[in-house]
Amino acid sequence: MGASLRRDAVVTLGADAAVPRRPRLVVAMVLGLVAGDFARDAAARTGVPPDLLQFWYAARVLLQGGDPYAVIGPGLAFDYPYPLVYPLHAAVAFLPLATLPAAWAHAVVMGLGVFAFSWALMEHGSAPLVALLSVCVWHAVGVGQWSPLLAASIVVPPLAFLLAVKPTIGLALWVARPSWWAVVGAAVLTAAAFALDPQWVGQWRDAVDRAVAQARHTFPYRAPVVMPGGVLILAALARWRRMDARLLVALACVPHTTLPYEMVPLFLIPRGWVQCVSLVAASMAMWWLVSLSLPHPDFYATVLDYTRTAVPLMYLPCTLMVLRRANEGPLPVWLERRLATAPAWLRGRSAGQSA
């Protein structure tokens, strides 16, 4: 019986172990190429430009010495449904792709995003790859969002260099895994933004004001924690040492448009086939409920419906997953020393430390 238990333990640990480097790289590359081709085709076929294309256009305007905030929005040169509400960092980060055709620039970013996100998912075995079947990931690829690329920074720290391009989700990801890559990236992108356009902050604020006015002062940024049942997500703080717990709570507390693509980072939380498949199924149920069942007269109502629905279907299941794990994880040496006299229930333990 003892031998059987030991074998079971090995199988359990192996299921969550990282996929070996070579097959991990091959699988991630294949998935990235598939996603890039899908994104290019979607950008070529649809008449509505994917979200990333506003940054492509903004980068091209910057190269010509213009003001991107003055030419992106309803009825402007780049006729987009909303003004450019991102800091200029996003356009600066897009400069290397500005000379590519729009569809190809979109394909490159989304292909790299899915490649990096697939690599990150395989940090805990092959089961998390089912996240690529979720509504959230393919919504991100289809509309052109940074989510897969930024989420991968949880496992691939150098990618945190880009967190400043989307400050809301970027802040949540930084809280989950503080990194000097993010600090340096923010500094470099900020310096480049001011070098290219010293007046960009005022122009950005004006664009945000126009977006809020367009939304009739109901711009749909909400933190999931303030929605019905959302306060229960804070229970994950009991596992504060864990990166997945900090990620979950930070995402819940940062106001953002909780559309499916914003929930891509949540798929770094499940472990094993049951949890991974369950969260993918929950994402599909969320999409079905909001898209086909709930009344949503405009975009803003749709966003709020997603926020309300995401709490019970996405955030609370992730909270239960986190609470089933031990409060363990690495901390800086100075913080470990300060916690040495704290109660055991609060202190938790370092990874690999016996209880």
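Leaving aside its neighbours within four places in sequence, which residues is F161 in contact with? The structure in view is a predicted model, and in this model F161 is in contact with W181, A182, V184, G185, A186, V188 and L189. The residue itself sits in the loop between α7 (147–151) and α8 (167–176), and with a relative accessible area of 26% F161 is partly exposed, because a residue counts as buried under 20% and as exposed over 50%. A reference point elsewhere in the chain is L289, which is 128 residues from F161 in sequence and, C-alpha to C-alpha, 36 Å from F161 in space.

Taken along the principal axes, the C-alpha atoms fill a box of roughly 70 × 45 × 45 Å. Of the 355 residues, 48% count as buried, and among the contacts between residues at least 6 apart in sequence, 72% join residues at least 24 apart.

A pair of aromatic rings is described by the distance of the centres and the angle of the planes. A search of the whole structure finds nine aromatic pairs, and one of them is formed by F38 and W138, whose rings are edge-to-face, at 4.9 Å centre to centre and with 80 degrees between the planes. Because F38 lies in helix α2 (residues 21–45) and W138 in helix α6 (residues 135–143), this pair ties together parts that are 100 residues apart in sequence. Both partners fall between the limits for buried and exposed: F38 counts as partly exposed at 34% relative accessibility, and W138 is partly exposed with a relative accessible area of 30%.

A further aromatic pair, formed by Y57 and F78, is tilted, with 4.9 Å from centre to centre and 35 degrees between the planes. This pair also links distant parts of the chain, since Y57 is in helix α3 (residues 52–63) and F78 is in strand β2 (residues 78–79), 21 residues apart. The two partners fall into separate classes of accessibility, because the limit for a buried residue is 20%: Y57, with a relative accessible area of 22%, is partly exposed, whereas F78, with 11%, is buried. Elsewhere, F55, Y86, F94 and W146 form one aromatic cluster.

A last stop is W104, which is found in helix α5 (residues 102–121) and which counts as partly exposed at 49% relative accessibility, where the limit for an exposed residue is over 50%. The C-alpha atom of W104 is separated by 9.4 Å from that of D41, although the two residues are 63 residues apart along the chain.

Methods
Residues are numbered from 1 along each chain as its sequence is written. This is a predicted model: local features need pLDDT of at least 70, side-chain atom pairs count only at pLDDT 80 or more; totals for chains, interfaces and linings use all residues. Side-chain values use heavy atoms; hydrogens and water are left out. Buried means under 20% relative accessible area, exposed over 50%, partly exposed in between (1.4 Å probe, protein chains only). Contact means heavy atoms within 4.5 Å. Helices (H or I, at least four residues) and strands (E, at least two) are DSSP runs, numbered from the N terminus. Rings of Phe, Tyr and Trp (its six-membered ring) pair if their centres lie within 6.5 Å; planes under 30 degrees apart count as stacked, over 60 as edge-to-face and the rest as tilted.
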